[in-house]
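This report walks through selected parts of one protein structure. Please look over the sequence and the model before reading on.

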Amino acid sequence: MKNKFYPIRAFMLLCVMTAVGMGAGCSKTETPSKSVRMAVSSDYPPYAYFHKGKLTGIDVELGEMIAREAGRELRIVNGDFSELIELIRQKKADLAICALAVTEERRKAAAFSDPYEFAGQTFLVRSREKIRYLTDMRARSGFRIGAESGSTGFNLIAEYLREHRIPMQLIGYVGNREAVKALLNGKNDAVILDPLVARCLQMEYPGRLDILKDQLNHEEFAVAVSRRDPQLLEAANRVIHRLWKSGGLEALQQKHIKQSLNRGDGNVL
């Protein structure tokens with residue numbers, strides 16, 4: 001999938017690279033271990049998913065590169081999306097990568113790298129409903145929106161509905177696939193997702209799902225790293241900088257959008 005905004009985004013990032021994600025600072029440094037424990041959720045194609053029995057994806061490959069850059073072995077800690085930052089807080093993970101948008105709340109628990117992707121929340125809807133814009137959703141009474149609990153999409157739409165006093169029901173789910181299956185079964189009317197995740201899930205159900213033509217916000221995805229390990233944060237930034245300069249991030253997107261549709265064994269958690 002050719003991203004026509006990619007050169008602009010790359011230029012923007014290179015202009016601000018040293019200023020973004022570093023403001024949180026570091027607390028007491030601990031001696032690095034020989035391994036890197038990466039928290040990830042496997043329910044995020046193309047960022048993290050199973051292919052032929054192996055967990056892979058944009059974010060998994062990024063974690064592997066960071067571990068190599070730091071001279072350590074990568075260990076995967078697979079969990080629900082809503083608990084990834086908490087795993088860092090509880091010292092059960094050293095970093096988390098899973099299409100994590102940078103928020104002030106998350107900065108309280110972890111330091112963040114420079115961004116490796118710019119995105120924004122969008123919606124999947126059933127094709128037969130002919131919903132194309134947010135205004136179409138607002139015009140329907142009893143509308144139900146599904147979202148993964150703990151995601152920025154869930155929190156964002158909850159605040160949006162509250163501020164605008166829109167009488168829509170928000171339903172939380174453990175994972176994106178659970179929310180999309182509920183959508184297909186008529187249990188909700190739209191699911192809020194990251195754009196690439198929405199695109200991959202839409203392609204898994206040809207002709208059954210549409211993506212809304214407008215986005216609810218704009219976000220930066222970055223690597224969350226324990227403040228106890230500033231060397232790991234530096235390694236993450238070095239890898240991200242190289243990928244932006246080389247075009248490697250776009251190559252990872254294209255590879256995993258295609259591959260996530262042909263996982264081979266249907267092994268999905």
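## A residue after helix 10

S260 lies in the segment that follows helix 10 (248–259); helices (H or I, at least four residues) and strands (E, at least two) are DSSP runs, numbered from the N terminus. The model is predicted: local features need pLDDT of at least 70, side-chain atom pairs count only at pLDDT 80 or more, and totals for chains, interfaces and linings use all residues. Residues are numbered from 1 along each chain as its sequence is written, and side-chain values use heavy atoms, with hydrogens and water left out.

The relative accessible area of S260 is 0%, so S260 is buried (under 20% relative accessible area; exposed is over 50%, partly exposed in between, with a 1.4 Å probe and protein chains only). Its side chain reaches the backbone oxygen of H256 at 2.9 Å. Beyond its neighbours within four places in sequence, S260 is in contact (heavy atoms within 4.5 Å) with P45, P46, Y49, C200 and E204.

An open sheet of mixed pairing is formed by five strands, in the order 4-1-5-14-6; two strands pair if DSSP finds at least two bridges between them. Strand 4 (73–78) and strand 6 (111–112) are at the edges with a single partner strand each, so one side of each has no neighbour in the sheet.

Strand 1 (residues 35–40) pairs with strand 4 in the parallel sense, over six bridges. In this pairing, R37 stands opposite R75.

## Nonpolar cores

A nonpolar core is a set of buried Ala, Val, Leu, Ile, Met, Phe, Trp, Tyr and Cys residues joined through side-chain atoms within 4.5 Å. The largest has 66 residues, of which L62, I66, L95 and V223 touch the most other members. Helix 9 (residues 230–246) gives the largest share of this core, eight residues. Another core, of 17 residues, lies apart from it and includes I131, F143, A147 and F154.

## Aromatic pairs

Three aromatic pairs are found in the whole structure; rings of Phe, Tyr and Trp (its six-membered ring) pair if their centres lie within 6.5 Å, and planes under 30 degrees apart count as stacked, over 60 as edge-to-face and the rest as tilted. Y44 and F81 form a stacked pair, 5.0 Å centre to centre with 25 degrees between the planes. Both Y44 and F81 are buried.

F118 and W244 form a tilted pair, at 6.0 Å and 50 degrees. F118 is in strand 7 (residues 117–119) and W244 in helix 9, 126 residues apart. W244 is buried, with a relative accessible area of 4%.

Notes
A polar contact is a pair of N or O atoms within 3.5 Å; within protein, one must be able to donate a hydrogen and the other to accept it, and residues adjacent in sequence count only if both atoms are side-chain atoms.
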